[in-house]
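Let's walk through this structure together, with the sequence and the fold side by side.

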Amino acid sequence: MDILKIERTEVVSREAAAARLHEIADALASNNDVEFERGGKRVRVHVADEVRLEVEIEVGERESEFEIEL
């Protein structure tokens, strides 16, 4: 059972999505915590030194999906 689960879907530009991914990657590279802010509240997530990285790609006729999970 999850202690906390936050899901949010939003439409952003490709460049904004890339910037957000860069921020997450920089946080992962520099320390073991990643911080998120949602609804005026900060959530800090501890990330272990070793993680399971899952990449999923689905290509359809009208849209494609690219998902990264740690």
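## From a loop to the surface patches

Let's begin with Glu63, which counts as exposed because its relative accessibility is 66%; buried means under 20% relative accessible area, exposed over 50%, and partly exposed in between, with a 1.4 Å probe and protein chains only. Before we go further, a word on the source: this is a predicted model, in which local features need pLDDT of at least 70, side-chain atom pairs count only at pLDDT 80 or more, and totals for chains, interfaces and linings use all residues. Residues are numbered from 1 along each chain as its sequence is written, and side-chain values use heavy atoms, with hydrogens and water left out.

Where does Glu63 sit? Its place is in the loop between strand 3 and strand 4. Helices (H or I, at least four residues) and strands (E, at least two) are DSSP runs, numbered from the N terminus. If you look from Glu63 to Val51, 12 residues away along the chain, you will find 29 Å between their C-alpha atoms.

Strand 3 and strand 4 are joined by a hairpin through 4 residues. They run antiparallel, with 6 bridges between them; two strands pair if DSSP finds at least two bridges between them. Within this pairing, Glu56 stands opposite Glu67 of strand 4, and Glu58 faces Glu65, also in strand 4. For another view across the chain, take Glu67 and Ile57: they are 10 residues apart in sequence, and their C-alpha atoms are 6.4 Å apart in space.

Which residues form the patch of negative charge on the surface? Glu54, Glu58, Glu63, Glu65 and Glu67 gather there. Patches are made of residues with over 30% relative accessible area and no salt bridge; like charges are joined within 9 Å, and nonpolar side chains (Val, Leu, Ile, Met, Phe, Trp, Tyr) within 5 Å. For the charges, Lys and Arg count as positive and Asp and Glu as negative, while His and the chain ends are not counted. The place of a charge is taken as NZ of Lys, CZ of Arg, CG of Asp or CD of Glu. Strand 3 and strand 4 each supply at least two residues of this negative patch. Glu54, in strand 3, is partly exposed because its relative accessible area is 32%. Glu67, in strand 4, is also partly exposed, with a relative accessible area of 30%.

The surface has a nonpolar patch as well. About 990 Å² is made by Leu21, Leu28, Val51, Leu53, Val55, Ile57, Val59, Phe66, Ile68 and Leu70. Accessible areas come from the Shrake-Rupley method with a 1.4 Å probe, and for residues only the protein chains shown count as cover. Two or more residues of the nonpolar patch come from each of helix 1 (14-30), strand 3 (54-59) and strand 4 (64-69). Strand 3 gives the most, with 3 residues. Leu21 belongs to helix 1 and is partly exposed, as its relative accessibility is 48%.

Next, turn to the charged pairs. Side chains of opposite charge can pair when their charged atoms come close. A salt bridge here is a side-chain nitrogen of Lys or Arg within 4 Å of a carboxyl oxygen of Asp or Glu, and by this rule the count comes to 6 salt bridges. Arg8, Glu10 and Arg20 are linked in a network.

How exposed are the network's members? Arg8 counts as exposed at 52% relative accessibility. Glu10 is partly exposed at 33%, and Arg20 is partly exposed at 37%.

One more pair is worth a look: the side chains of Glu35 and Arg42 meet in a salt bridge at 3.3 Å, N to O. Glu35 is partly exposed at 38% relative accessibility, whereas Arg42 is exposed at 59%.
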